[in-house]
Structure formats: C-alpha cells, structure tokens
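Subject: Handing over the structure

Dear colleague,

Please find below the sequence and the structure that I promised to pass on to you.

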Amino acid sequence: MKLHHDKHHVGYTNNLNAAIEKHQEWGDKNIEDILKTYASAPDDIKSALRNHGGGFYNHSLFWQMMSPEKDQQPSGSITEEINKTFGGVDAFKQQFSDAAKKIFGSGWEWLVMDNGKLALMSTPNQDSPVTQGKTPILGLDVWEHAYYLQYLSDRGSYVDAWWHVVNWGDVAERFDSAKR
Ligand code: MN3
C-alpha cells in the first residue's frame with residue numbers, strides 16, 4: 001500500500017496537475033466537477049482528466065476507506081440500508097466481493113448511492129462513479145498494482161483480506177452525507 005500510495009497515486013496526481021497547467025480554467029474546478037465534465041475539455045487534456053483525474057480522486061477516497069484499526073463492523077443507518085438492499089452485511093460483502101473478483105482487467109468495485117439507494121457498481125480503468133452521477137460510498141481498487149506484490153495473481157485472497165481493513169466509520173459518514 002505504501003508503494004501504491006507513494007508511486008501510483010503520486011503518478012496520477014502529477015499527471016493531472018500537468019494536464020490542468022495546460023488549460024488553467026480546468027485548474028479552477030474541483031475534482032468532482034472535472035470528472036463530471038471532462039468530456040467537454042480540450043482534446044489535448046481530455047483523456048488525462050478522465051484517467052489521471054479519476055486515478056487521483058479514486059485513490060484519495062481509497063486511503064480514507066481503510067483503517068489500521070482492523071475488523072471494524074458497520075453500524076448505524078448504513079447497516080439498516082445494507083440489510084434492506086442486500087439482505088444482510090455478509091450477503092453484501094459476498095456480492096461485492098464476487099463482483100470485484102469478476103472485473104476483467106483493471107478497475108474498481110464500488111458501493112454507491114444511486115438516486116438515494118445503495119447499489120453495486122464496477123468501473124473500468126480509473127473511471128469514477130461521479131462521472132455517471134453516483135456517489136462513491138466504498139471502493140476497492142482491483143488493479144494488479146494493488147495486490148501483485150503481496151498476492152501475486154491471487155486477486156481473490158486480496159479481496160477477501162481487504163474486508164479486515166475497511167474503515168466502516170468513514171463509510172458510514174459518506175453514506176450519511178450522501179443521503180442529505
Ligand atoms: Mn491503484
């Protein structure tokens with residue numbers, strides 16, 4: 001995770017900054033606005049905003065969604081909503097994990113708020129749910145760079161182990177502010 005943060009996340013951040021330096025008006029927008037509107041950006045930075053902007057944003061969320069305080073359990077209103085939507089926390093974890101393991105190539109698995117309801121969503125590459133108008137609540141990076149050093153080709157073990165470090169306090173706060 002340290003290498004992931006210090007090399008990969010830094011790379012996306014530097015490349016995003018290099019892109020918006022070319023068209024300063026894009027530097028005045030916040031990152032969520034950039035990801036919602038990059039399709040209207042000049043051609044020479046459009047794909048950088050999408051890919052490196054998405055990489056910057058997705059990873060910024062990812063670090064907050066994990067905690068060194070292991071084996072937290074969800075509590076509060078998000079638990080009720082998970083139970084209602086997925087039939088229980090274990091059932092939710094199973095469905096999320098199955099979807100994460102099935103993503104072909106590089107991408108992310110997400111729990112999102114979609115029109116006021118919780119839903120699962122997979123995105124390819126560094127695409128972000130915010131581009132499609134959804135609010136990320138929990139996300140898991142399944143790029144090989146996220147797990148290959150420790151788990152080699154065994155994405156499944158990485159996904160299963162990741163649940164031990166989910167920061168449910170952060171996830172619950174994200175859910176509560178998305179509902180407001
Ligand atoms: Mn990554």
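This is a predicted model: local features need pLDDT of at least 70, side-chain atom pairs count only at pLDDT 80 or more; totals for chains, interfaces and linings use all residues.

**The metal site**

Which residues coordinate the manganese ion? The ion is held by His4, His59 and His145, each through its NE2 atom, and by Asp141 through OD, at 1.9 to 2.1 Å. If you follow these donors along the chain, they have the spacing H-x54-H-x81-D-x3-H. His4 belongs to helix α1 (residues 2-22), whereas Asp141 belongs to strand β3 (residues 135-141), so this pair ties together parts of the chain that are 137 residues apart in sequence. His4 is buried, with a relative accessible area of 3%, and Asp141 also counts as buried, at 0% relative accessibility.

**The sheet**

Strand β3 brings us to the sheet, which is open, has 3 strands in the order β2-β1-β3, and is paired in the antiparallel sense. Its edge strands are β2 (117-124) and β3, each of which pairs on one side only. From one strand to the next, the twist averages 20 degrees.

How many bridges join β1 to β3? Strand β1 (residues 107-114) is joined to β3 by 6 bridges, and the two strands run antiparallel.

Is β1 mostly covered or mostly uncovered? It is mostly covered, since 7 of its 8 residues are buried.

**Helix α5 and its neighbours**

Helix α5 (residues 89-102) packs on the sheet and touches β1, β2 and β3, with a direction that makes about 140 degrees with that of β1.

Helix α5 packs against helix α7 (residues 155-162) at an angle of about 150 degrees, and the two axes are 10 Å apart. Because angles over 145 degrees count as roughly antiparallel, α5 is described as roughly antiparallel to α7. The crossing of these two helices is right-handed. On the α5 side the contact is made by Phe96, Ser97, Ala100, Lys101 and Lys102, and on the α7 side by Arg155, Gly156, Val159, Asp160 and Trp162.

With α4 (77-86), the arrangement is as follows: the axes of α4 and α5 come within 8 Å and cross at roughly 65 degrees, which makes α4 roughly perpendicular to α5. This crossing is left-handed. The residues that make the contact are Thr79, Ile82, Asn83 and Phe86 of α4, together with Val89, Ala91, Phe92 and Gln95 of α5.

**Residues in the loops**

Gly88 is found in the loop between α4 and α5, and at 12% relative accessibility it counts as buried. Leaving aside residues up to four places away in sequence, Gly88 touches Ile82 and Asn83, both of which also take part in the contact between α4 and α5. Gly88 and Pro124 are 36 residues apart in sequence, and their C-alpha atoms are 27 Å apart in space.

Asp71, although not a glycine, has a positive phi of about 55 degrees; it is placed in the loop between α3 (43-64) and α4 and is partly exposed, with a relative accessible area of 43%. Leu152, again not a glycine, has a positive phi of about 50 degrees; its place is in the loop between α6 (144-151) and α7, and it is exposed, with a relative accessible area of 53%.

With best wishes

Methods
Residues are numbered from 1 along each chain as its sequence is written. Side-chain values use heavy atoms; hydrogens and water are left out. Donors are N, O and S atoms within 2.8 Å of the metal (3.2 Å for Na, K and Ca); water is not among the atoms, so sites may look incomplete. Helices (H or I, at least four residues) and strands (E, at least two) are DSSP runs, numbered from the N terminus. Buried means under 20% relative accessible area, exposed over 50%, partly exposed in between (1.4 Å probe, protein chains only). Two strands pair if DSSP finds at least two bridges between them. Axes are lines fitted to C-alpha atoms, for helices over the stretch in contact, and angles run from 0 to 180 degrees between N-to-C directions. Contact means heavy atoms within 4.5 Å. Angles under 35 degrees count as roughly parallel, over 145 as roughly antiparallel, 65 to 115 as roughly perpendicular and the rest as oblique. A crossing is left-handed if the near helix is turned anticlockwise from the far one by less than a right angle, and right-handed if clockwise.
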